[in-house]
Amino acid sequence: MSIEVNNESGVDVDDEALVRLGRHVLERLFVHPESELSIILVDIDAMEKLHIEWMDEPGPTDVLSFPMDELRPGTATRPTGSGILGDVVLCPEVAQTQADNAGHSMNEELLLLTTHGMLHLLGFDHAEPEEEKEMFGLQRQLLADFLGGSAPRETVQ
């Protein structure tokens with residue numbers, strides 16, 4: 001499994017935790033071990049530009065996902081094929097604000113956002129109530145398993 005973290009944000013983050021989490025999520029969702037994932041951390045200005053360009057929404061956001069090969073979760077008996085999962089783009093400065101509001105650390109928020117972004121790469125969405133229930137339930141479970149305890153509470157931007 002190739003997981004690359006590129007921190008362009010200027011904020012010190014736990015890159016190794018992001019890599020470990022990425023492996024955890026991909027293994028739990030039976031994504032082929034030769035798949036690739038990129039996690040990019042950017043500053044507020046870069047995130048705002050991406051948010052406007054790709055979502056046509058003003059201001060920075062916390063996480064954006066850019067899927068490549070449209071991989072989907074597999075099963076224990078039928079793992080997904082290998083490919084390039086895509087890019088998860090995080091903004092630590094926005095994550096810090098959300099973490100402060102939620103009462104947990106920025107690193108916990110980044111783990112939450114990474115899990116969220118990866119689920120989007122794997123085809124999950126939360127536009128409809130049933131989709132949100134499924135995605136957020138899986139997100140909490142994956143993160144709780146990774147942390148060995150309860151997952152941080154989802155934040156709303």
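This note goes through some helices and single residues of a predicted model.

1. Helix α3 spans residues 92-102. Its buried residues are Pro92, Val94, Ala95, Gln98, Ala99 and Ala102. They lie on the same side of α3, because they cover an arc of only 150° around the axis. On the face turned away from that buried side, Asp100 and Asn101 are exposed.

2. What lies over the buried residues of α3? The cover includes the strands β2 (36-41) and β4 (84-90), together with the helices α2 (44-55) and α4 (106-121). Just after α3 comes glycine 103, which takes a positive phi of about 80°.

3. Glutamate 109 belongs to helix α4. Is glutamate 109 buried or exposed? Its relative accessibility is 0%, so glutamate 109 counts as buried; the cut-off for buried is under 20%. Apart from residues up to four places away in sequence, glutamate 109 touches Ala95, Gln98, Ala99, His104 and Thr155. Ala95, Gln98 and Ala99 are also among the buried residues of α3.

4. Two packed helices are described by the angle between their axes and the distance between the axes. For α4 and α5, the angle is about 130° and the axes are 10 Å apart. The two helices are therefore oblique to each other, since that angle falls between the 115 degrees that ends the roughly perpendicular range and the 145 above which helices count as roughly antiparallel. The crossing of α4 and α5 is right-handed.

5. Which residues make the contact of α4 with α5? From α4 come Leu111, Leu112, Thr115, His116, Leu119 and His120. From α5 come Met135, Phe136, Leu138, Gln139, Leu142, Leu143, Phe146 and Leu147. Sorted by class, this contact has 10 nonpolar residues, four polar ones and no charged ones.

6. Helix α5 (residues 129-147) also packs with helix α1 (residues 15-28). Their axes come within 10 Å and cross at roughly 125°, and α1 and α5 are therefore oblique to each other. The crossing of this pair is right-handed.

7. On the α1 side of that contact are Ala17, Arg20, Leu21, His24, Val25 and Arg28, which meet Leu142, Leu143, Asp145 and Phe146 of α5. The residues of this contact divide into six nonpolar, one polar and three charged.

8. Alanine 151 lies in the segment after α5. It counts as partly exposed, because its relative accessibility is 23%. Setting aside neighbours within four places in sequence, alanine 151 is in contact with Arg140, Leu143 and Ala144. Phenylalanine 136 is 15 residues from alanine 151 in sequence and 11 Å from it in space, C-alpha to C-alpha.

9. Phenylalanine 30 deserves a look at its backbone: phi is positive, about 55°, although the residue is not a glycine. It is found in the loop between α1 and β2. With 33% relative accessibility, phenylalanine 30 counts as partly exposed.

10. Where is aspartate 56? It sits in the loop between α2 and β3 (63-67). Phi of aspartate 56 is near 55°, again a positive value in a residue other than glycine. Its relative accessible area is 68%, so aspartate 56 is exposed.

Methods:
Residues numbered from 1 in each chain as written. Predicted model: local features only at pLDDT ≥ 70, side-chain atom pairs only at ≥ 80, totals over all residues. Heavy atoms only, no water. Buried < 20%, exposed > 50% of the residue type's maximum accessible area, 1.4 Å probe, protein only. Helix = DSSP H or I, 4+ residues; strand = E, 2+ residues; numbered from the N terminus. Arc of directions from axis to C-beta. Contact = heavy atoms within 4.5 Å. Axes fitted to C-alpha atoms, helices over the stretch in contact; angles between N-to-C directions. Parallel < 35°, antiparallel > 145°, perpendicular 65-115°, else oblique. Left-handed = near helix turned anticlockwise from the far one by under 90°. Nonpolar A, V, L, I, M, F, W, Y, C, P; charged D, E, K, R; others polar.
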